[in-house]
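Keep the 3D view open while you read.

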Amino acid sequence: MIPYDADAFFALFAAYNTAIWPAQPAAYALGLLVLVAMFRRFVQRDRLAAAALVVMWAFNAVAYHWTYFATINFLAPVFAAAFAAQALLLAWSGVGRGRLHFAWRGDPAGWIGLTLMLFALVGYPAWTWYAGHRWPDLPMFGIAPGPTTIFTLGALLAGRATWPLFVIPLLWCAVGGSAAWLLDVPQDLSLPAAAAVTLIAIAVRRH
Amino acid sequence: MSCEKILPTRRAVLAGLGALAVPLPAGAAIGPHLRPIPATGERVPAIGMGTWITFNVGDDAGLRAARTEVLQAFFDLGGQVVDSSPMYGSAQAVIGHALARVSAPERLFSATKVWTPLAMLGDGQMADARDLWGIPRFDLMQVHNLLNWDGHLPTILAEKAAGRVRYVGVTTSHGRRHDELEQVMARQPLDAVQLTYNVVDRQAEARLLPLAAERGLMVVINRPFKRGALFDSYARHPLPSWAAEIGCANWAQVFLKFIISHPAVTVAIPATSRVDHMAENMGALHGPLPDQALRVRMARDIAAL
C-alpha cells in the first residue's frame, strides 16, 4: 500500500536533492573514506569508517525520511526511527566500543561485500540514469536509503560486524524493494538481491 | 514534470470532446444524475472524486498545476464531492492549493476524515484539515477505516453541533471489517457511510447497502475500479453490447454506472490524475442507467470475461 505514485516519488527526490546540495558529494567522500579504510591503515580507521556510516544513516533518518518523505508517506516517521536506530547501533558498536572492523579480509564474503559497495556507489545511480531519470530526481548514494543500505551491507560483509547490525538494512531491503514492483522502479530490484547475497555470504562465511 | 508534457490538458480534452461532435447515444440527455443525501434531501452529483495517491504529489509545482487542472475539469463537468484523508500524505494540501486556483470552487462538497488512534488528536486533525483545504467547515467528516471510531464520533458530533461539520460518517475499504461497520451503522447517529463496492466486489449488496437505505445514510463508494484492477482485467475486451443501451462509451462508465445505479448509493468517488480520464468518469453522470435486470446481466457478463 504505497500512497503515492512514481511521479510524486521522483518529484520529491528532485526537491530533496536540490535542497540538500552539496550533501551528495560529501556523501561520496564518506563512502570513499570507508573504502580506503578497508585497504589502508590509518589512525582510528575503524572508528572513522563507522562514523561515516553513522552520518549517512542519521542523515537519511532526519533529512530524507523525517523531513521530506513524511510529506507523502505516513509511514516515513517509522522509517526515520528505524534509520536513526541503525545510526545509533553503528555509533555504539563501531565508534563507541570499536567492535566494527573494516580491514579487507579477501574471502568470498569480502568480495561480495566489496561488489555491493561499488554497486551502491556507481551501479545504482547508473541504473537509475539508464531507467530514464536525470539530475535532480536521482536517488543518490549516501543520501537516499536504497544505495546507502546496499553500501552498508557491503561494508559490514567486507569487514567484521555482529549480526544485529545487519537486521535493519536487511529489513529495509524488503521495504524499499517493494517499490520495484509497486512503483515500477527497476533499480530497486537490487535491494532484495543485495539482501539475498548478503544472507548467502553470511551463511558461507559461517561454514 | 514529464507528465505535463505527455498528458493532455483540461482545455485540450474539453475542446476535443466538443470537436469530436460524436452523436450522443439515445438517452444521453438524461442527467446529470443527482442523488439526495437522506439526512437533509440535499442533492449531489452521483460521481465524485477521490484523492488517494493521485493528489499526493508533495510540493512539486508542475504536479500541483496538473492536479489543479484535474480539479477544474471535475467542477467543469459537474462534479462536487471531493474526498480525502490525513492518511493521503500531501493530498489535502494539494487540494487546498488547487481550490485557491480553480474557478467555481463554491461547487465543492468537501469530505475528509479523521485518522489517528488517539481521540484527543481528532480536534487538531480536523482543524489542520480546514487550514489545508482553506475552508471554514467540512460538508462530511468521517472516521477513517473505523480507527478508534468510538473515540472520534463524539468529537465529530461536537464539531457538527458547532457548525464546522455538516454530515458525520465512518469509512472502510478493501471490503474489510464489514461486521463491525454494520454494528456502527445500526447503532450510531451517522449521516453517511463509505465503503468499497464495485462490479466484482459486491459483498456490500447483501447487508450493508440495504442497512444504509433502511437507516437513511448517504453512501459513498470507494475503489470503484478496484484500484485500477478492473481495467487491467477487462479493458482489453470490447464493450459488451448492452453498454450502448446505457450510453457508455468506455469501461470506466460501465463500472461507474453499475455502482450508481444501485438505489442505496449516493456517490462513487473514482480517483484520477488525468484530465482525459476525469472526462471519461464524469460521462457516467449522463445517459440512462441500468435497471435491476441489466445490473444482474452486467455482473454476470463481466464475471464471465
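## Starting in a loop

Find A:Asp107, which sits in the loop of chain A between helix H4 (76-96) and helix H5 (108-130). Helices here are DSSP runs of H or I with at least four residues, strands are runs of E with at least two, and both are numbered from the N terminus. This is a predicted model, where local features need pLDDT of at least 70 and side-chain atom pairs count only at pLDDT 80 or more, while totals for chains, interfaces and linings use all residues. Residues are numbered from 1 along each chain as its sequence is written, and chains are lettered from A and ligands numbered from 1 in the order in which they are written.

Is A:Asp107 buried, exposed or partly exposed? It counts as partly exposed, because it has 14 C-beta neighbours inside 10 Å. For that label, a residue with 20 or more other C-beta atoms within 10 Å of its own is buried, one with 12 or fewer is exposed, and anything in between is partly exposed; the C-beta atoms are placed from the backbone. Now look for A:Thr149: it is 42 residues away from A:Asp107 in sequence, and their C-alpha atoms are 22 Å apart.

Chain A has 8 helices and 0 strands. Its radius of gyration is 16 Å, close to the 17 Å from the globule rule for 207 residues, so chain A is as compact as a globular protein of that length. The radius is taken over C-alpha atoms, and the rule is 2.2 Å times the number of residues to the power 0.38.

The C-alpha trace of chain A spans about 45 × 30 × 30 Å along its principal axes, and 48% of its 207 residues count as buried. Take the contacts in chain A between residues at least 6 apart in sequence: 71% of them join residues at least 24 apart. A contact means that two C-beta atoms, placed from the backbone, lie within 7 Å.

## Chain B: a sheet with helices

Chain B comes to 13 helices and 10 strands. The C-alpha trace spans about 55 × 45 × 30 Å along the principal axes of chain B, and 50% of its 305 residues count as buried. How many strands of chain B form the open sheet? There are 8, in the order E3-E4-E5-E6-E7-E8-E9-E10, with parallel pairing. Two strands pair if DSSP finds at least two bridges between them. At the edges are strand E3 (49-50) and strand E10 (267-268) of chain B, each pairing on one side only.

Let's walk across part of it. E3(B) and E4(B) are joined by 2 bridges, and B:Met49 has B:Val82 as its bridge partner in E4(B). Then 3 bridges join strand E4 (residues 81-83) of chain B to E5(B), where B:Asp83 is partnered by B:Ala111. Strand E5 (residues 109-114) of chain B is largely enclosed by the rest of the structure, because 6 of its 6 residues are buried.

## Strand, helix, strand

Between some neighbouring strands, the chain passes through a helix. E4(B), helix H4 (residues 91-99) of chain B and E5(B) make a right-handed β-α-β unit. Right-handed means that, with the strands pointing away from you, the path from the first strand over the helix to the second runs clockwise. E5(B), helix H5 (residues 122-133) of chain B and E6(B) make a right-handed unit too, and those two strands pair over 4 bridges.

Further on, E6(B) and E7(B) pair in the parallel sense over 5 bridges. The crossover between them runs through helix H6 (residues 149-161) of chain B and is right-handed.

Where the chains meet, the contact takes 14 residues from chain B and 12 residues from chain A. The chain B side divides into 8 nonpolar, 4 polar and 2 charged residues. Here Ala, Val, Leu, Ile, Met, Phe, Trp, Tyr, Cys and Pro count as nonpolar, Asp, Glu, Lys and Arg as charged, and the others, Gly among them, as polar.
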